[in-house]
Each structure stands twice: as C-alpha cells, then as structure tokens.
Amino acid sequence: QVQLVESGGGLVQPGGSLRLSCAASGSIFSGYVMGWYRQAPGKQREYVARITSGGTTYYADSVKGRFTISRDNAKNLVYLQMNSLRPEDTAVYYCNRFPPSVLAWGQGTQVTVSS
C-alpha cells in the first residue's frame, strides 16, 4: 500500500505564500500522474492540480495562475507552490495519484489563510 505524507501547511495571511510537499513511498512513483486535492470544512474534497510523469501540469480554475505543481521523481516528491492565497483556499490539502486511489489518502496538511 502506497504511503503519502504531506507537509508544509500552516497559518498565512491573505496574499501570502506557502509551499507544500508530498513524500511518496514505493518504487513506481515516476510512472503515475500525481495530484493535489483539498477539503474545506463542510465541503467535499476537490481537485486542485495534477502533473504528469513528463511534467505537464493542469489546474482547477480556482487556483490557475496562483498555484504551481511540480515533481522530483528521483526523490519521490511532489510540490505545490501556493501564491496570492485567499481565505477560500483554507482547507486540508492532500496529495494522491490522479485519479486518486482510495487507499492512498494520507493525513493531509492544514492550510489556513486568515488575518
């Protein structure tokens, strides 16, 4: 079973930035499309961004132009650079494959955007 560990979350003011990291176990990381997802209180988990094994990126409209997903296959790491953060970005952020594997969800990392 794959293990995914997210880190880098925290409290940030509107307009600020955070860089999230996702460490993945397993030897087949480089062969998968990886994504970031988030879940705000009272809402369903939603797709944020994804990146192919070759580095092609895609974003949800809500974060396009503000967030950047990247990966380091040699280190089994996926990143999410978040700029110009807004209060509505407040959520627990998760990484997973795309499409996500039900068994791979980790604990996530809390991002709170507030004054």
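This is a predicted model: local features need pLDDT of at least 70, side-chain atom pairs count only at pLDDT 80 or more; totals for chains, interfaces and linings use all residues.

How many bridges join strand β4 to β9, and do these strands run parallel or antiparallel? Strand β4 covers residues 34-39, and six bridges join this strand to β9. The two strands run antiparallel. As an example of the pairing, please find Tyr37: the bridge partner of Tyr37 in β9 is Tyr94.

Six strands make up an open sheet, and their order is β2-β10-β9-β4-β5-β6. The pairing within this sheet is mixed. At the edges are β2, residues 10-12, and β6, residues 57-59, each of which pairs on one side only. From one strand to the next, the twist averages 25°.

I turn next to the cysteines. A disulfide is a covalent bond between the sulfur atoms of two cysteines. How many disulfides does a search of the whole structure find? The search finds one. Its partners are Cys22 and Cys95, whose sulfur atoms lie 1.9 Å apart. This pair links distant parts of the chain, since Cys22 belongs to strand β3, residues 18-24, and Cys95 to strand β9, residues 91-97, with the two cysteines 73 residues apart.

Why is this disulfide described as right-handed? The torsion about the S-S bond of Cys22 and Cys95 is about 65°, and the disulfide is therefore right-handed.

Finally, are these two cysteines buried or exposed? Both Cys22 and Cys95 are buried. Thank you for your attention.

How values were computed:
Residues are numbered from 1 along each chain as its sequence is written. Side-chain values use heavy atoms; hydrogens and water are left out. A disulfide is a pair of cysteine sulfur atoms within 2.5 Å. Helices (H or I, at least four residues) and strands (E, at least two) are DSSP runs, numbered from the N terminus. Buried means under 20% relative accessible area, exposed over 50%, partly exposed in between (1.4 Å probe, protein chains only). Two strands pair if DSSP finds at least two bridges between them. Axes are lines fitted to C-alpha atoms, for helices over the stretch in contact, and angles run from 0 to 180 degrees between N-to-C directions.
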